[in-house]
Amino acid sequence: MTSFIYDVLEDLKKNNVDFSKLTIILPSKRAGTFLKHELKNIVSKTNFSPIILSIEEFVEELSHLKQINNIELLFEFYKTYTSLTKKEQIEPFDSFSKWAQILIQDFNEIDRYLISQKQIFSYLGAIQELNHWSLENTKTELIQNYLSFWNKLEEYYTTLTNLLLKKGVAYQGLIYREAVENLESYIQTNTSKQHVFIGFNALNASEEIIIQELLHSGLAKIYWDADSQFISSSNHDAGLFIRQHKTKWKYFEKNHFSWLTNHYSKKKNITTVGVPKNIGQVKYIGELVQRLQSNSNIENTAIVLGNESLLIPLLNSIPSNINALNITMGFPLKDVPLSTLFEELFALHKHAKKSFYFKEVTSVLSNEFLRPLFIYDDIDYAQKVIDNINTRNIIYFSKNELLKLTDNKISLISFLFSDWKNSPKTTIDNCISLILKLKHFYSQEKDENLLPLEYLFRFFEVFNTLKTLNSKYNYIDNIQSLFTLYKEVLSSETLDFKGEPLNGLQIMGMLESRVLDFETVIISSVNEGILPSGKTNNSFIPFDVKLENGLPTYKDKDAVYTYHFYRLIQRAKNVYIIYNTETDALKGGEKSRFIRQLEVENFHEIKHKIIVPKTPRIKQNNTSVKKDTSVINKLTEIATKGFSPSSLSTYIRNPLDFYLQKVLGIKEQDDIEETIAANTLGTVVHNTLEEFYKPFVGHFLNIDKLKQLKPLIDKTVLKHFNDVYHEGEISKGKNLIIFEIAKRYVQNFIDFEINTIKQGNNIKLQAVETKNEAKLIIPKLDVEVKLNGTVDRIDEYNGVLRIIDYKTGKVEKSKVEIVDWEDLTTDYTKYSKSFQILMYAYMLNQKKQFTSGVEAGIISFKNMKEGFLKFSKKPSLNSRQKDTLINEETLKNFEVELIKLITEIFNPEIDFIEKDV
């Protein structure tokens with residue numbers, strides 16, 4: 001296979017071109033390395049190399065300007081913004097940066113496409129004037145400020161560009177505009193200089209003018225990498241831009257168009273491979289590379305990552321016997337593992353404070369880069385602190401408490417958890433100091449892995465950049481603003497890898513593949529939303545305005561990626577197109593339209609594969625525990641203290657859980673609640689109602705007194721949240737919603753009680769949160785069995801005694817209706833609520849005999865419209881006949897099932913067998 005670059009150089013040689021006098025311009029720097037390699041195969045004698053430039057370098061040379069980096073540009077724009085904005089309307093830097101980046105990108109596009117600034121900015125201002133939402137003749141201050149922003153866009157642009165030009169720097173778009181301004185002068189002073197443009201496709205307006213002017217002046221030649229298959233089809237996006245150049249450029253009316261080739265129509269082995277998930281894709285690529293290596297086919301092979309964040313997983317999946325490897329793409333610093341350490345430190349210190357939230361402390365102590373530094377005398381002090389947090393359920397820690405827990409032996413604790421006083425300067429200096437500490441530690445490690453030191457060096461550069469910018473501009477006044485800037489820097493910085501640029505396996509992103517040709521191409525993440533990237537529009541300029549002014553839209557971006565995709569497979573012999581079979585709306589959807597298009601075109605036979613990872617079948621063995629003497633003794637001890645409804649329900653649900661929790665006394669670890677748990681919400685509501693209703697015990701409920709409770713809801717619920725949730729945050733986020741739900745539950749319940757009384761019902765409160773005990777005689781057991789439990793409420797409703805249990809979750813009426821008594825102790829999911837309230841009734845009956853029967857049931861705060869959900873016994877499942885009164889017969893039937901259940905618990909012949917729950 002001969003490459004496009006080789007064919008171009010061969011053609012230049014045939015035309016007797018003096019390579020030493022050429023200036024060759026390519027779409028990327030990377031292509032220049034390959035061009036130099038091919039040049040040595042073309043030139044047979046010693047000669048000076050041509051000047052080889054990327055298009056950005058050439059345009060920068062034309063403009064006589066240096067490109068400013070994105071972060072410094074942001075600071076210069078803020079300087080412009082503050083000078084043109086009223087003091088009281090100036091936004092802080094971190095808020096400004098969020099919209100300023102988008103606006104700078106729009107400035108960049110306007111300049112690259114040589115759009116009249118006055119025309120487009122006045123047009124945008126007029127659109128907003130028409131669209132503003134106020135129907136009043138007099139605009140509010142908010143609307144006036146909003147429209148003022150749009151009307152100032154031209155002033156922002158003009159002031160910023162003048163400021164930059166005075167300093168001899170510019171952003172890319174402005175460099176292009178200035179290059180066009182200087183083009184005539186350049187042509188006049190370089191009349192003998194020859195330029196060769198190679199492998200271009202989509203060109204902005206500035207590039208089109210520059211190339212066409214040089215062509216018309218006889219100072220340039222251009223080679224297109226175009227296939228006749230794409231150019232001849234008027235609908236094929238792979239040839240969209242080159243078709244336009246071929247038909248619209250006057251130069252090609254009299255000059256030959258170089259070139260149209262027929263490489264795409266040649267026989268190719270194309271395989272599409274569907275693999276679940278991103279990691280599945282890179283693991284498959286690793287296997288594929290191993291097969292290619294065994295067939296001695298790894299040379300002239302490229303892996304093109306549609307999703308560039310998969311680089312590190314891919315490197316971990318490449319077989320170890322691949323010796324020659326080159327990574328063209330840079331790895332974004334935001335994806336480097338070390339970046340999380342500094343994010344955690346920013347989170348820890350972004351609000352000046354003397355104590356730190358447990359989760360932030362745990363994150364820092366658990367960080368993979370810091371963790372080794374907490375080991376002293378073979379004691380892992382980080383783990384010691386984490387264990388202490390979990391066992392004591394501590395929410396907040398001070399530096400002194402942490403030092404005490406580490407026996408004052410880890411000086412790093414004092415450094416990390418001191419008060420950084422919300423100072424950007426202190427934060428930057430401390431981060432630099434931490435990097436130097438880590439560098440000292442990892443330099444002494446005997447491990448041959450040098451990646452940590454590479455990471456540290458790049459972040460050392462990042463924080464030094466932040467230090468320089470902050471001292472120069474002094475716009476950052478708190479850690480939150482510094483964190484915003486830190487993320488901006490990371491998004492534009494990369495960790496560059498070094499490798500053999502011309503030999504072995506090549507790994508690159510889609511844009512790095514421009515002009516390059518490979519015999520075997522492996523393309524990953526060929527999914528909608530990735531290749532192509534979809535309808536992203538990060539701009540203040542509406543779609544229709546872009547169309548009218550000739551600015552690129554997402555349609556143009558799609559066409560660019562179509563060209564790159566087809567150009568990759570144009571000369572290749574073996575093509576593997578890999579896509580994720582698991583659709584994800586955020587990270588790529590179904591397989592790409594590019595695959596569908598290949599199928600519809602039907603030019604090549606395409607093999608389709610779906611790869612499924614091997615998953616071993618693991619036989620599920622439910623654990624069982626035999627009841628020996630020690631277990632029976634422990635059960636006897638539990639019976640003497642008393643079985644509660646919840647403990648017996650636990651046994652019904654899963655006997656093994658009962659064994660672990662009650663016999664062995666193993667409690668589930670209480671995770672520290674970041675979001676309020678359901679049981680915490682239930683406890684708060686129960687405690688609030690207990691406090692409200694205790695004064696009513698022995699009295700009839702009164703509407704006026706109930707109404708007097710309503711103003712106290714906020715304060716009382718807050719008090720009980722503080723008692724139960726301690727110092728947990730309830731003023732924002734999900735916790736604020738849950739706090740409001742708790743208040744609403746209490747309010748709804750009181751309103752329900754008031755409406756019930758208004759309807760002519762009498763409610764006399766007998767007890768709240770009553771602890772009850774009862775004895776259960778089981779003839780077969782030589783054990784005294786006690787029952788105990790706490791009833792939420794007992795009242796008389798129109799003379800009928802009611803036993804009430806509160807539930808903050810949703811309970812349906814069917815959950816308190818039974819047909820067969822045996823189901824009470826066998827079906828936990830359906831009948832656990834019935835079991836619980838019947839047990840309360842059974843215990844209360846031992847205190848006083850129910851002569852006329854009682855009702856027992858549940859009030860579900862999530863199903864309040866149903867009111868009091870009464871326990872009922874039905875003769876059949878579909879029967880409408882229900883017996884809601886609990887009498888002696890009811891309790892006798894329940895007692896039979898209760899005795900059977902407890903007898904089973906004590907039966908040494910029946911093991912504690914785990915149930916699937």
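I started at N470, which lies in helix α23 (residues 451–473). Helices here are DSSP runs of H or I with at least four residues, strands are runs of E with at least two, and both are numbered from the N terminus. Before going on, I noted that this is a predicted model, where local features need pLDDT of at least 70, side-chain atom pairs count only at pLDDT 80 or more, and totals for chains, interfaces and linings use all residues. Residues are numbered from 1 along each chain as its sequence is written, and side-chain values use heavy atoms, with hydrogens and water left out.

Is N470 buried or exposed? I got 9% relative accessibility, so N470 counts as buried. The cut-offs are under 20% relative accessible area for buried, over 50% for exposed, and partly exposed in between, with a 1.4 Å probe and protein chains only. Leaving out residues up to four places away in sequence, I found N470 touching P424, K425, I428, Y475 and I476. Contact means heavy atoms within 4.5 Å.

**α22 against α23**

Helix α22 (residues 424–444) packs on α23 at an angle of about 160 degrees, and their axes are 10 Å apart. The axes are lines fitted to C-alpha atoms, for helices over the stretch in contact, and the angles run from 0 to 180 degrees between N-to-C directions. That angle makes α22 roughly antiparallel to α23. For the wording, under 35 degrees is roughly parallel, over 145 roughly antiparallel, 65 to 115 roughly perpendicular, and the rest oblique.

The crossing of α22 with α23 is left-handed. A crossing gets that name if the near helix is turned anticlockwise from the far one by less than a right angle, and is right-handed if clockwise.

Which residues of α22 and α23 meet? From α22 I listed P424, K425, I428, D429, C431, I432, I435, L436, L438, K439, Y442 and S443. Facing them from α23 are P452, L453, L456, F459, F460, F463, N464, L466, K467 and N470. Sorted by class, this contact of α22 with α23 has 15 nonpolar, 3 polar and 4 charged residues. Ala, Val, Leu, Ile, Met, Phe, Trp, Tyr, Cys and Pro count as nonpolar, Asp, Glu, Lys and Arg as charged, and the others, Gly among them, as polar.

**α17 against α24**

I then checked another pair. Helix α17 (residues 339–349) and helix α24 (residues 479–492) have axes 10 Å apart and pack at about 165 degrees. That puts α17 roughly antiparallel to α24. The crossing of α17 and α24 is left-handed. On the α17 side the contact is made by S339, F342, E343, F346 and H349, and on the α24 side by I479, L482, F483, Y486 and L490. The class count for α17 with α24 is 7 nonpolar, 2 polar and 1 charged residues.

**H720**

H720 sits in helix α33 (residues 713–725). Its relative accessibility of 10% means that H720 counts as buried. I found H720 touching V684, N687, T688 and E691, again not counting residues up to four places away in sequence. I also took a C-alpha to C-alpha distance: H720 and F463 are 46 Å apart in space and 257 residues apart in sequence.

Most residues other than glycine have a negative phi, and most peptide bonds are trans. With that in mind, I noted the exceptions below.

- S258 and W259 are joined by a cis peptide bond, with omega about -5 degrees; W259 is in the loop between α14 (251–254) and β8 (260–261).
- L531 and P532 are also joined by a cis peptide bond, with omega about -5 degrees; P532 is in the loop between β19 (520–524) and α25 (543–549).
- N16 is not a glycine, yet has a positive phi of about 60 degrees. N16 is in the loop between α1 (4–14) and β1 (22–26), and is exposed at 70% relative accessible area.
- D407 has a positive phi near 55 degrees. D407 lies in the loop between α20 (399–405) and α21 (411–416), and is partly exposed at 37%.

**Whole chain**

Last, I zoomed out. I have 36 helices and 30 strands down for the protein chain. The radius of gyration is 38 Å, well over the 29 Å that the globule rule gives for 917 residues, so the protein chain is more spread out than a compact globule. That radius is taken over C-alpha atoms, and the rule is 2.2 Å times the number of residues to the power 0.38. The C-alpha trace spans about 115 × 75 × 65 Å along its principal axes.
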